[in-house]
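The exercises below go through one protein chain. Each has a task and a solution in steps.

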Amino acid sequence: MSPPLRPPAAAAIFDLDGTLVDNMRFHVQAWSSFSQALGIDTPAERFEREFAGKRNEEILPALLGRSLPPEELTRLAEQKESHYRELFKPHLAPLGGARALLTRLKAGGRGLAVASAAPRVNRDFVLDGTGLRSFFSQVVGAEHVTRGKPFPDLFLAAAQALGAEPSACVVFEDAVNGVLAARAAGMFAVGVTTLASAEMLREAGAHWVIDDFTALPEELAQWLVPSL
Ligand SMILES: O=P(O)(O)OC[C@H]1O[C@@H](O)[C@H](O)[C@@H](O)[C@@H]1O
């Protein structure tokens, strides 16, 4: 499926973890030590493939193999997330080319949103710590939906908040679950190879694949902002 070249895309929706920042290895490291401390033996690939893009409310019961009362879930999630933030803090920076692309998209009048399964404290940590927050008029996160990715809910909520038709939205996403979610939402998907291979992202349905934001495929750039 090729995107229509006119009219230009109405909006661009960015995943946060692994897309606006290259931080998934710190999430995986924090999940691994968290699991080990609980005596659970889980391979790193499970966090990368099965859990990336899901909400902690979905990840924790699957990891522990039981349902959790809300207080326990909040406590365990914060245990893992505070360790992740500690690990990532010294490296906190936007993915290559992100600021320049966002500047041009904003100048071109595109609606811009973040749609992430991350809890608010992690979103604030990244958006405020990188100085990227002001680019986005909408930020949708874990507390706004009950189903994370691969369900389309986060992206549909972002499109609705922007007042954009899903078919006129482009999603940037690093996780296979996220690409599946974008396609399930009826949106165009750009895979970012910080976590999964280009092949895995294409197989999940990514229309384009990029390593970072420094160079976009010409067709995509033209569709996003014709004058780009
Ligand atoms: O939707 P995003 O921004 O990729 O966020 C997903 C991440 O959100 C985090 O809160 C989880 O701890 C991660 O394991 C998960 O992968």
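**Exercise 1.** Does Val28 count as buried, partly exposed or exposed, and how many C-beta neighbours does Val28 have inside 10 Å?

Solution. The structure is a predicted model, in which local features need pLDDT of at least 70, side-chain atom pairs count only at pLDDT 80 or more, and totals for chains, interfaces and linings use all residues. Residues are numbered from 1 along each chain as its sequence is written.

Step 1: take the cut-offs. A residue is buried if 20 or more other C-beta atoms lie within 10 Å of its own, exposed if 12 or fewer, and partly exposed in between, with C-beta atoms placed from the backbone.
Step 2: apply them. Val28 has 18 C-beta neighbours inside 10 Å and therefore counts as partly exposed.
Step 3: Val28 belongs to helix H1 (residues 24–37); helices (H or I, at least four residues) and strands (E, at least two) are DSSP runs, numbered from the N terminus.
Step 4: relate it to another residue. From Val28 to Leu156 there are 128 residues in sequence and 27 Å in space, C-alpha to C-alpha.

**Exercise 2.** Which helix holds Glu58, and how far in space is Glu58 from Thr146?

Solution. 
Step 1: Glu58 is part of helix H3 (residues 56–64).
Step 2: its class follows from a count, because 18 C-beta neighbours inside 10 Å make Glu58 partly exposed.
Step 3: Glu58 and Thr146 lie 9.0 Å apart, C-alpha to C-alpha, with a sequence separation of 88 residues.

**Exercise 3.** In what order do the 6 strands of the open sheet lie?

Solution. Strands of a sheet pair through backbone hydrogen bonds, either parallel or antiparallel. Two strands are taken as paired if DSSP finds at least two bridges between them.

Step 1: read the order, which is E3-E2-E1-E4-E5-E6, with parallel pairing.
Step 2: find the edges. E3 and strand E6 (208–210) are the edge strands, each pairing on one side only.

**Exercise 4.** Which residues of E2 are the bridge partners of Ala11 and Ile13?

Solution. 
Step 1: strand E1 (residues 11–14) pairs with E2 in the parallel sense over 4 bridges.
Step 2: Ala11 has Gly111 as its bridge partner in E2, and Ile13 has Ala113.
Step 3: turn to E4, which E1 joins through 4 bridges, also running parallel. There Ala11 stands opposite Cys169.
Step 4: sort the side chains of E1. Ala11 and Ile13 point one way, Ala12 and Phe14 the other way, and all are buried.

**Exercise 5.** Why is strand E2 (residues 111–115) largely enclosed by the rest of the structure?

Solution. 
Step 1: E2 is largely enclosed because 4 of its 5 residues are buried.
Step 2: E2 also pairs with E3, in the parallel sense over 3 bridges, and Val114 stands opposite Val139 in E3.
Step 3: follow the chain from E2 through helix H6 (residues 120–130) to E3; this β-α-β crossover is right-handed. Right-handed means that, with the strands pointing away from the viewer, the path from the first strand over the helix to the second runs clockwise.

**Exercise 6.** How many residues of E5 are buried, and which of them point one way and which the other?

Solution. 
Step 1: 5 of the 5 residues of E5 are buried, so E5 is largely enclosed by the rest of the structure.
Step 2: Phe188, Val190 and Val192 point one way, while Ala189 and Gly191 point the other way.
Step 3: strand E4 (residues 169–173) and strand E5 (residues 188–192) run parallel and are joined by 4 bridges. Phe172 stands opposite Val190, and Val171 opposite Ala189.
Step 4: the chain goes from E4 through helix H8 (residues 176–184) to E5 in a right-handed β-α-β crossover.

**Exercise 7.** Which two residues does a cis peptide bond join, and what is omega?

Solution. 
Step 1: the cis bond joins Lys149 and Pro150, with omega about 20°.
Step 2: Pro150 sits in the loop between strand E3 (138–140) and helix H7 (153–162).
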